[in-house]
Amino acid sequence: MIDSEQHPYVESIVREARRPVQTDQAARDRIMAAVRAEPLPERHAPHIWARAFQPRSFRLSPAGSALIAAGLVGIGVIAGTFAHNRDVRSQDGPSQMAVVPQSQLPVSDSAVKFVFVAPQAGRVSVVGDFNGWDSTKTPMVRAPHGGVWSVELPLSAGRHLYSFVVDGSWSADPSAPLAPDEGFGHANSVKVVSEGSAL
Amino acid sequence: MNNSSRPSIPYRRRFPVALVAAALALLGALPAAAQDPDPLSRLDPNSKFAVELLIDSATTLGLPADYLRSTALQGVALKADGKRIVDAVHKKFTLLKTAYATLGPVGGEELKAAASVLYAGAKPAQLAPFKTRQKDRYDLDAFVVWADLITRGVPSEEASSAITKLWQDGANDATFNGLWNSVQSDILKGLNPGAALQSRIRETPGRPTSTKVTPPDGH
Amino acid sequence: MTLDRQGWVIAKDMSDDAADVQRVLAGDVDAYAALVDRYYDRCARFAVRMLGNRDDAEDALQTTFLRAYRALNRYQERDRFSAWLYRILVNQCRSVAARRSHRERIFVREEALLLNAPDRTPNWSGDDEEFVQRVLSELDPLLREAFLLKHIEEMSYEEMSALTGVGVSALKMRVKRACDRLRDRWERIKND
């Protein structure tokens, strides 16, 4: 069986589709007329940081997460470089966003504390839309007494879904509003982070 | 590491050790994108393709595609099968479109919360009153509480009319959250969810300064 | 004039485009006409193949070049101008398609794709642009887009990925899927 990309029929379609289409000068003239009616695009000097850093996608290694959990939130300049993600689409040039950007890491550094009481549990972690629902990413720490598990995480402003994973079983947060079951047989909890003093 | 040949102060002494350790750990994360494969790859190819198509459609329409991706990842984490995941993502996509059609161009977070209200069982017509945008009013908490009430068993009609009325009376986030807290504790004490809502609504003022619920104006 | 394999005029090197951009930013609006002239026909071909009709294509092209003009100060010389321009063009084509009155039918088509619904199979005489356009229009929009970028625009998967924001493997799958569907159509024609 020939690979379909090399199939003669496909090649014929490609050949035909590569032919130029008829265009008229009038359409180009209309473009230039519209352009001349616009204000001149201003020349902007790029920010110093834009020259120094290329935006790219970062993820925290487990060690990085643990350090943040231990309270080293908001490490100034380094935290600030995490704000971009290459999955952002744009309608205009590369830096203008028409859609809500998909952020894997927070653009604000409001730390949110998650708390869960489970005296009998051996392992508790929090999973949510901020860590890809990965139970290895955000382990919680047990207080010396009382069976109280907690972790602090920086979260972006807005609505976040989450649950606790207690020795492998998912559990909603009894002290938070519920979101409806999304079709997987489990209702998650909702945390709303207010827009604080981000950036 | 021996830097004795350099005349300047050794780097390490100038910064707290913890900060250096943090910086090293974070720098160690730099190639993490290469180490972490895309969790969606755990899906079978057809399901993965279907999910990516839906994510792309959402993006094209200006809808919060991250919400769909997160749904898929949740399904992967819960080890749901491919078809179930695609169905869940598809349903979310449809509800995002409906929420957008009903509310118009609101922020992504509000749209997700509104879609959740629809998911819980409210009808688009019940969302429609929220289309009238008021400057500086942010409906996130109202929607979150609304979805929660229905999820906990308050009949959809009752929850919708209670939330809408409060909102039209000018209730703010604190009011909605306060309402949620009291209804939730009543339900935990064994009260029927619908009854709990009704009794708490009677006590809840719309505008924070008024002492009784005033009828909605105009409509 | 420098031509590429397909016969399009290309800049002798990147600096032609970058130089024209700089001239526009310095106040020489007519320098933009040079950029339009260089890229219009090629963009038009993509827009027509993608959207299936001239009116929609021209709509997309007008907005693309206007938006590119407005965003010129954000173009950075290290990017290829054509790639930068195409990102705007691809997004504009998606917007135009989304706004079309038969938008719901496109979504139904996507759902049909998910459910593997059968579709009609027109006959091909061999040289007909209109026919090729019809065949392309029957492809799901995202498959069509990937197919056009890969086989008509001859971009690399890396370029396509940077342009669309979609991963390389997803794009490869879409192109393959598009070709599979075209081949399947041929099989059905043969057997009729």
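Predicted model: local features only at pLDDT ≥ 70, side-chain atom pairs only at ≥ 80, totals over all residues.
Reader: What pattern does chain A follow along the sequence?

Author: Chain A reads α-α-α-α-α-β-β-β-β-β-β-β.

Reader: And chain C, what pattern there?

Author: Chain C reads β-β-α-α-α-α-α-α-α-α-α. That comes to nine helices and two strands.

Reader: What share of chain A is buried?

Author: Of its 199 residues, 31% count as buried. Buried takes 20 or more other C-beta atoms within 10 Å of a residue's own, exposed takes 12 or fewer, and partly exposed is in between, with C-beta atoms placed from the backbone. For chain C, 42% of 192 residues count as buried.

Reader: Which share of contacts joins residues at least 24 apart?

Author: In chain A, 62% of contacts between residues at least 6 apart in sequence do. A contact here is a pair of C-beta atoms, placed from the backbone, within 7 Å. In chain C, 60% of contacts between residues at least 6 apart join residues at least 24 apart.

Reader: Switching to the interface. How many residues does the contact take from chain A and from chain C?

Author: It takes 39 from chain A and 43 from chain C. On the side of chain A, helix 1 (8-17) and helix 2 (25-36) are the elements that give two or more residues. Helix 2 of chain A gives the largest share, eight residues.

Reader: How do the residues on that side of chain A divide by class?

Author: The side of chain A that touches chain C has 16 nonpolar, nine polar and 14 charged residues. Nonpolar covers Ala, Val, Leu, Ile, Met, Phe, Trp, Tyr, Cys and Pro, charged covers Asp, Glu, Lys and Arg, and the others, Gly among them, are polar.

Reader: Now the core. How many residues has the largest nonpolar core?

Author: It has 139 residues. Such a core is a set of buried Ala, Val, Leu, Ile, Met, Phe, Trp, Tyr and Cys residues joined through C-beta atoms within 7 Å. Those with the most contacts inside the largest core are Val51(B), Ala114(B), Val117(B), Trp146(B), Ala47(C) and Leu89(C). Helix 2 (residues 31-51) of chain C brings the largest share of this core, 11 residues.

Reader: What is Leu89(C) in contact with, leaving aside its neighbours within four places in sequence?

Author: Cys43(C), Phe46(C), Ala47(C), Ala60(C) and Thr64(C).

Reader: Chain B next. At what angle do helix 8 and helix 10 of chain B pack?

Author: Helix 8 (residues 140-152) and helix 10 (residues 173-188) of chain B pack at about 15°, axes 9 Å apart. Axes are lines fitted to C-alpha atoms, for helices over the stretch in contact, and angles run from 0 to 180 degrees between N-to-C directions. Helix 8 and helix 10 of chain B are therefore roughly parallel. Under 35 degrees counts as roughly parallel, over 145 as roughly antiparallel, 65 to 115 as roughly perpendicular, the rest as oblique.

Reader: And helix 4 against helix 5 of chain B, what angle?

Author: Helix 4 (residues 65-77) and helix 5 (residues 82-103) of chain B pack at about 155°, with axes 9 Å apart. So helix 4 and helix 5 of chain B are roughly antiparallel. Residues of helix 4 in the contact include Tyr67(B) and Leu68(B), and those of helix 5 include Ile85(B) and Phe93(B). The contact divides into eight nonpolar, two polar and two charged residues.

Reader: How do helix 5 and helix 6 of chain B pack, at what angle?

Author: At about 110°, with axes 8 Å apart. Helix 5 and helix 6 of chain B are therefore roughly perpendicular. By class, their contact has 10 nonpolar, one polar and one charged residues.

Reader: Where does Val106(B) lie?

Author: In the loop between helix 5 and helix 6 (108-120) of chain B. Val106(B) counts as partly exposed because it has 19 C-beta neighbours inside 10 Å.

How values were computed. Residues numbered from 1 in each chain as written. Chains lettered and ligands numbered in written order. Helix = DSSP H or I, 4+ residues; strand = E, 2+ residues; numbered from the N terminus. Contact = placed C-beta atoms within 7 Å.
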